[in-house]
Amino acid sequence: MKKWKRVRYFSTLFLLGALLGVIGAFLAGFVVGYTGDYLSFKSLQSSLVWIARGTFIVIICSSLHFLDSAKKDYRYYSENELEDDEYDRFYRKTFRSLEYATIGFDIAGALTILSLFLGMNLVDLEDALSYQFSLVDVCFLVSLVVLQKNLYKLTSKIREHSISLFPTLQELKDYIYSYDEGERESIFENNFLIVFGLNQRILPIIYAVLFIISMVTGEIQIVAYLVIAFIHIYINVQQFKRVRNYFK
């Protein structure tokens, strides 16, 4: 990419982030001014909770479908003598469905945590404050843990490599290195692109969005800045470990 095209590309990303921040701040200010601070906050919180719960249910159902498909395809190609082309087709379908199910469960986990804390109620007692979690979100969390146990059991069977429900970093590393070379290379490449995208594009855009929101609302988003800065610094500090291990 030529220099002027690169400048134009990143300038466009910055302006897009700033525009989204202005629009978001304008809408938030309009809602607050029209309905009042408390009402708008509670309405937004309730809406986000139910959106997270609904999305959780959809993703879990889809993940269970992929999990069942992976189980059936694995049983079919492992218990029957197939031609090379047919064997390869069912082999790919099995692992594709298994990976889709794994991704779905990871997203469902993030949604569960989100709805759990957004749906938390603050109860004012005589001497202290008490926090109560929604029973719905607790049930979602428990069911997710149970379903993930089945996912890991099937994964261990198909991958022929055991993995625990709460694996350590070393267990995850050993698990990744049990993949074939082509799949392992695609994982490393994809992870690099994710980290690069976060470090060079997404996080700087979020800074711009927060800056615009701070200008419009007149309040510095301290917690948001600290969270984004921590993620940004963490990503870069971890590069020291990579350099140290490789060039030792």
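**View A. Salt bridge between aspartate 88 and arginine 92 in the predicted model.** In this predicted model, aspartate 88 and arginine 92 form a salt bridge whose closest N and O atoms are 3.1 Å apart. Both residues belong to helix α3, where four residues, about one turn of the helix, separate them. Aspartate 88 has a relative accessibility of 36% and therefore counts as partly exposed. Arginine 92 reaches 53% and so counts as exposed, because the exposed class begins over 50% relative accessible area.

**View B. Salt bridge between arginine 53 and aspartate 137.** The closest N and O atoms of arginine 53 and aspartate 137 lie 2.9 Å apart in this salt bridge. The pair links distant parts of the chain, with arginine 53 in helix α2 (residues 37-79) and aspartate 137 in helix α4 (residues 135-159), 84 residues apart. Arginine 53 counts as buried because its relative accessibility is 7%. Aspartate 137 is likewise classed as buried, its relative accessibility being 0%.

View C. Arginine 159 forms a salt bridge with glutamate 99, in which the closest N and O atoms are separated by 2.7 Å. Distant parts of the chain are linked by this pair: arginine 159 lies in helix α4 and glutamate 99 in helix α3, 60 residues apart. With a relative accessibility of 11%, arginine 159 counts as buried. Glutamate 99 has a relative accessible area of 24% and is therefore partly exposed. A network of salt bridges connects Glu99, Arg159 and Glu183. The count of salt bridges in the model comes to six.

View D. Threonine 94 is located in helix α3, which spans residues 84-118. Its relative accessibility is 0%, so threonine 94 counts as buried. A polar atom of the threonine 94 side chain lies 3.3 Å from the backbone nitrogen of tyrosine 74. When residues up to four places away in sequence are not counted, threonine 94 touches Ala70, Asp73, Tyr74, Tyr77 and Ile158.

Definitions and conventions
Residues are numbered from 1 along each chain as its sequence is written. This is a predicted model: local features need pLDDT of at least 70, side-chain atom pairs count only at pLDDT 80 or more; totals for chains, interfaces and linings use all residues. Side-chain values use heavy atoms; hydrogens and water are left out. Helices (H or I, at least four residues) and strands (E, at least two) are DSSP runs, numbered from the N terminus. Buried means under 20% relative accessible area, exposed over 50%, partly exposed in between (1.4 Å probe, protein chains only). A polar contact is a pair of N or O atoms within 3.5 Å; within protein, one must be able to donate a hydrogen and the other to accept it, and residues adjacent in sequence count only if both atoms are side-chain atoms. Contact means heavy atoms within 4.5 Å. A salt bridge is a side-chain nitrogen of Lys or Arg within 4 Å of a carboxyl oxygen of Asp or Glu.
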